[in-house]
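Please open the model in your viewer and keep the sequence panel beside it. Each stop below says what to select and what is there.

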Amino acid sequence: MGCMLHFLTSLFLLGSLRHPLTQCTVQGSEFQLEGDYLIGGLFDIHHVSAPVYHGRPETTECSSQHFLLPNYRRFQLMRFSVEEINNSTNLLPKISLGFEIFDHCSDTQNYPGIFNLISVNGLIQPWNEPQKQQTNNTDVSKVIAVVGPFTSTQALTIAPLFMTDLIPMVSYGSSSSFFSRKAKFPSFLRTVHPNKDVIEVIVSMMVHFHWRWVAFLHSDNDFGNDGLEMFTRRIKDTEICLPYTTGLGYSTNYPQIFKHIEALRINVIIVFAPKINAEALIMSAIQLNVTQKVWIADDGWSLNKRLPKEKGIENIGTVLGVSQPVVSIPGFSDFIYSARSQTHCKNAEKNTFCNQFFNCSILSAEEILAGDPSFSFSVYSAVHAIAHALHNTLQCGADHCNRNITVYPYMVLAEMKKSNFTLLNQSIKFDENGDPKYGPFSIVFWNNSGDAEEIGFYHFHPSVNFFINNTKIKWGKNGEVPSSFCTPECPKGHARKQNGIHKCCFTCEICPNGTFINTTDPYNCMNCKDTEWSTEGSTSCNLRSVEYIPFTDIGAILIIAGSWALVVLSIAMSVLFAINYNTPVVRSAGGPMCFLILGCLSLCSLSVFFYFGKPTTSSCILRSLPFILFYTVCLACFVVRSFQIVCIFKMAAKFPKLYSWWMKYQGQWLIITVAFVTQAFLLGIAHLSAPPKPYNETVWSQEKIILSCDTKFEAFSGSAFVLVFLCFLCFIFSYMGKNLPKNYNEAKSITFCLLLLILTWIIFATVQVLYKGKYIQTLNALAVLSSLYSFLLWYFFPKCYIMMFQPHKNTQQYFQGLIQNYTKTISQ
């Protein structure tokens, strides 16, 4: 909207002044120079200190306004640059450059000079097409380009008038970012870095000194507002906060500004404003006794010659700044001394009009040369860029140029965009937006001598290079770098919890176990990976050690040896039982059922081998499948055997028909088969729906990963129920036969085995709840092996002992005697 208002203002005035401008063509020796081609110049040698409002459009008499020495110095630099080019025989041989310069002291009330530059033969015809307007060489404007103006507001106001005919505007100071938009400003170029580059350097300084809590004071105009927008956008993803910002203008309440800054405890103040605003601010700080602050100056006032020498400036704190490098331009000093020795200054007032007058006699050469050198090279390179473009447009050679070519401004513009020449050891180029692709920034410090001392640099081309020599900076009273923050930095391992709207204001919370604080995100504790661990208040995670029981572990070796011993004992007992197959002890133990039990016990021992080594899907399945399946058969055999013992000694006499039916249809094998098939079916469903798989146990120990197997209890609950049910039946039946003859009482042996079995798994379950380390696998294998040995040792071993060492008890007569005595006892 601001851009449109500026343009409409320009257009209205342009239309209203469509008449000859002969009253503005009086010669002024310093402001005008005849030549084959003219370069326009706009320099605010004077500046309107306060806006003046008129009832109708009026121009401002600049000579009565506030004088700006640095801008007058730049004005002289343009004059020198043109003279240097004219004295050169290489750049524009036999071609002379002239200039038409105006004192552009007002942002909005200096249009006569602008109209003079865009007029042809004293006429302005803005709506005529160029080819119709310029039918011959006399109808072509001699102004091929314009150098200036200095400020962004000035450029924004007048730029639309030059854009219509593509007259190149080469600004040496307008740094607002919107001039990079070529759709709106197609013929605008500049030899000064845009605001975003200055902001980039300032932010780099903030990061370098760890300043996070800053104020941004800017001029209340297009330049300052653009700087604020660039700064706000740049710090968005950084740790820098902007708690206070305000515009500086003609009626600024400086005491109120410093009161807010003190209330917010801000120690770093960025001043993004031109010389006039900055001087008013600093002088107010001195008068109001503002102390111990860090002031960051932009390139508009960082090389100020007056302020560093002001009385009391040392009390306000430390002043750092971003500046254009001070480039010594050969021959400029001689030009100034030569110009001061001439006498045209005394008579200049009589021959000037329309803001082309300055009483130069009031200044000495020394005063001019001592002025602020900022933007000197920008003016110098702007004039040379135009001259090189004209050189290429006229197809100049070593000793002549093609004068037959009619030069239009758009032709010069096209060549300027392709600029590539060396000037004072710098390669002058422009990017696609018309911004310079050359020139570093200097970092300066206002020392105690009242000078801006260079302490660092920031290079953009060919690559970014930033450096500050901290040892050259003399900080406040204690000599330490001042801090500027809302909340002090959190201790290591603590996360920030934001308080309020500013991310720089926070409380600190320590990160718990298993988390860490990352430097890229100081506001959140990050969880460690499953393979990592950390203690409370960590800044990184440690890799967990992976643990499992290898086959070489002493416990694994002993248990595997015990498993092999069980297999060997089972085979030996089977051989012994086979040899004594027809003896009473073997028949009372179950006969052929004994071989099934011993075989199943040996097959169950296979599970023990898969509890060791690194778990795999196969090993996890084989840990439980053989044991559960074949142990079910064992329990079913003992259930049947316990039931048979009770039937023989108690139920045979009372229920002879039931006993006869049981013996006729082989009821014991039917029960065993049903138990086996049922368990096999349930295991099949469990392994299809949720098979056991490797699992990393990370909860038990934060420093270790325990490799184990994950078995879903819900999937295997049916199989577990079958085992528990068989144990329960077996225990009931064996307990019912606890009073049978002492030497013929398998029920007591089975009961004792079951008690050992139950006790073993109760102990293991208790340990598993309390301990989940790697040795739980060893304990699990030990529980399985103990379950197998309980039957092998307490049921089969006593019978082997009788067969081997008490053969007299393994006779028919001995067993019949026991039965007869027991029958008499229960009959009584």
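This is a predicted model: local features need pLDDT of at least 70, side-chain atom pairs count only at pLDDT 80 or more; totals for chains, interfaces and linings use all residues.

Residues are numbered from 1 along each chain as its sequence is written, and side-chain values use heavy atoms, with hydrogens and water left out.

Begin with the spans that an unreviewed UniProt entry annotates as "transmembrane region", among them residues 669-690 and 777-797; such annotations may be inferred rather than shown by experiment. Select residues 669-690, a span that is 95% helix and 0% strand, with its end C-alpha atoms 31 Å apart. Then select residues 777-797, where the chain is 100% helix and 0% strand and the end C-alpha atoms are 28 Å apart.

Next, select strands S21 (residues 515-518) and S22 (residues 521-527), which pair in the antiparallel sense over four bridges (strands are DSSP runs of E with at least two residues, helices runs of H or I with at least four, numbered from the N terminus; pairing needs at least two DSSP bridges). A hairpin of two residues joins S21 to S22, and phenylalanine 516 has methionine 526 in S22 as its bridge partner.

Now select helices H23 (residues 746-770) and H24 (residues 776-805), whose axes come within 9 Å and cross at roughly 170 degrees (axes are lines fitted to C-alpha atoms over the stretch in contact, with angles from 0 to 180 degrees between N-to-C directions). H23 and H24 are therefore roughly antiparallel to each other, a term used for angles over 145 degrees.

Stay in this region for the second largest pocket, which holds about 1300 Å³ of space (a pocket is an open set of points on a 1 Å grid, with protein on both sides within 12 Å along at least five of seven lines, and lining residues have an atom within 4 Å of a point). Of its 36 lining residues, Thr711, Trp761, Phe764, Gln768 and Asn780 lie nearest the centre of this pocket. The elements that give two or more residues to this lining include H19 (617-654), H23 and H24.

Finally, look for the cavities, sets of grid points where a 1.4 Å probe fits but cannot get out; the whole structure has three of 30 Å³ or more. The largest cavity has a volume of about 130 Å³, and its 14 lining residues include Gln324, Pro325 and Phe377. Helix H13 (residues 376-393) gives the most to this lining, with three residues.

Technical notes: Grid points are joined across faces, edges and corners, and a volume is the space filled by probe spheres set on the points. Angles under 35 degrees count as roughly parallel, over 145 as roughly antiparallel, 65 to 115 as roughly perpendicular and the rest as oblique.
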